Amino acid sequence: MKTPICDFVKQYTEKDTTRFHMPGHKGVSFLGCEKMDITEISGADELYDAEGIIAESEENSTRLFGFGKTFYSTEGSSQCIRTMLFLALQQAERRAERPVVLAARNAHKAFLYSCALLDLDVEWLMPEEGERSSLCTCPITAAQVTQKLAELERRPFAVYITAPDYLGYRPDIKALAAVCKEAGIPLLVDNAHGAYMKFLQPSLHPIDLGAAMSCDSAHKTLPVLTGGAYLQLSAEWAEKVGGQAKKAMELFGSTSPSYLILQSLDKCNLYLAEGYSERLNQTMERVTALKEALGKQGWEIMDGDPLKLTIFTGKMGYTGKEAAEALRKNGVECEFADLDGVVLMATPENREEDFAKVAAALGSLPPKKEKPATIQMPLTLPKQKMTIREAIFSPWEEVRCEDAVGRICASPCVSCPPAIPIAASGEEITAEMAALFRAYGVEKIKVVK
């Protein structure tokens, strides 16, 4: 498979052309990558009006994924989330009432910012009683969506879910997509952690399971520089909005997209085309073996995302943060840890010895008799006092958690990772929320003045 963007930049650098164009470093090495960092010079094409090498590279990606259309983002899945919502809203039947989207509660804060920019309301889907839920996980079912659609006074223009979520949980996307299709509304999926799922056998990618659109963070699970992502359109939605998608992305993106990231996405096409599925299977086998070994030691392992190792540590008497520190002392840095558990993400670039390090670090921890307290997300939604847009665009002040109870959340405040808001903008902050903020190390909250 050709790599047209990489080939162009390589040829340009070999000419040793005098650079009287941006960027200001002129190809002089400060970090080491400057020589390959260019802008929209002659022949380099333009991301949002692609007709040359970028268009050719995106077409390569489209063939690899096999969907209706694959577009590049150099500003992560955040740009794709805004674009998906914009395109779905644009296609919706025009109504007098305010537009509303039906969304699972564990949405990334980029979703809330998108709702503020597009002035959308959200009807939240919450997990049912008895389901294991946390800040990062919100188990929902097709039956719940069916019931919610029947109850709502305003018809949502889309259903929005995160799958797989930060912990690796995956709902039944095929069933959810069927419900959405029956209702005549698109299913939009934040698939930021699942770009690789197309290359499983069979594919578990949301588009193959019936979703209309998805955002895939290439940099999270594929060998792509941070910020590289894909906007994926199904065949049906490529027919509907493929011609508008690039201009929609341009609304939410910089006019100076990174050519380093574009080269990384371009190079990834070659990586995916040359034996990636086989390497992926080998890695999954290593992850599965590690999960089984740790399970035998007494660790509670979550089943879900094949490349994620999510360990609920309370059964062994540890918080996730304590387990993360034990891993760190053994030379392993995890993706995320909170009081409940720890998350590790693997790819084919991890070596055999990497998995051995994890096994050794956690295998050396003896079980404790006392079990730590767990974090439970409130299952009752707080009162929505303002629209998301009104709250985010209002003047705000920062107050301590204990002083925020009864106040209205302005900009969502939570650490990244996981970047999933405890309180959504415009909601009245409750005592339960304040306790969760403290549990996640957030001492001050932005509230509307």
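Predicted model: local features only at pLDDT ≥ 70, side-chain atom pairs only at ≥ 80, totals over all residues.
**Entry 1: strand β2**

Buried here means under 20% relative accessible area.

I then looked at the two faces of β2. In a regular strand the side chains alternate between the two faces of the sheet. On one side of β2 I found V100, L102 and A104, and on the other V101 and A103. Both faces are covered.

**Entry 2: the neighbours of β2**

Which strands are joined to β2 by bridges? One is β3, residues 121-125, which runs parallel to β2 and is joined to it by five bridges. In this pairing I noted A104 opposite L125. Another is β4, residues 159-162, also parallel to β2 and joined to it by two bridges. Here L102 stands opposite V159.

I also followed the chain from β2 to β3. Together with helix α4, residues 109-118, these two strands form a β-α-β unit, and the unit is right-handed.

**Entry 3: residue L87**

Next I looked up L87, which sits in helix α3. Its relative accessibility is 0%, so I wrote it down as buried. What does L87 touch, leaving out residues up to four places away in sequence? The list is M213, W237, V241, Q244, A245 and A248. M213 is 126 residues away from L87 along the chain, yet the C-alpha atoms of the two are separated by 9.6 Å.

I turned to empty space. Rolling a probe the size of a water molecule over the atoms shows where empty space is left.

The largest pocket has a volume of about 620 Å³. It is lined by 29 residues, and those nearest its centre are A92, F157, G184, I185 and P186. The elements giving two or more residues to this lining are α3 (76-91), α6 (173-183) and α8 (235-251). Helix α3 has the largest share, with four residues. I sorted the lining by class and got 15 nonpolar, five polar and nine charged residues.

The second largest pocket holds about 420 Å³ of space. Its lining has 28 residues, with H108, Y166, A192, H193 and K220 closest to the centre. Helices α3 and α7 (218-221) each supply at least two of the lining residues. The largest share, four residues, again comes from α3. By class this lining has 12 nonpolar, 11 polar and five charged residues.

**Entry 4: the cavities**

How many cavities of 30 Å³ or more are there? I counted four.

The largest cavity has about 90 Å³ of space. Of its 14 lining residues, R105, S134, T137, C138 and M377 are closest to the centre. The lining divides into nine nonpolar, four polar and one charged.

The second largest cavity has a volume of about 70 Å³. Among the residues that line it are S134, C136, L167, D338 and D340. Strands β9 (308-312) and β11 (341-345) each give two or more residues to the lining. The largest share, three residues, comes from β11. I recorded six nonpolar, three polar and two charged residues for this lining.

Conventions: Residues numbered from 1 in each chain as written. Heavy atoms only, no water. Buried < 20%, exposed > 50% of the residue type's maximum accessible area, 1.4 Å probe, protein only. Pairing = 2+ DSSP bridges. Right-handed = clockwise from strand over helix to strand, strands pointing away. 1 Å grid on protein atoms, 1.4 Å probe; cavity = no way out; pocket = protein on both sides within 12 Å on 5 of 7 lines; lining within 4 Å. Points joined across faces, edges and corners; volume = space filled by probe spheres on them. Nonpolar A, V, L, I, M, F, W, Y, C, P; charged D, E, K, R; others polar. Contact = heavy atoms within 4.5 Å.
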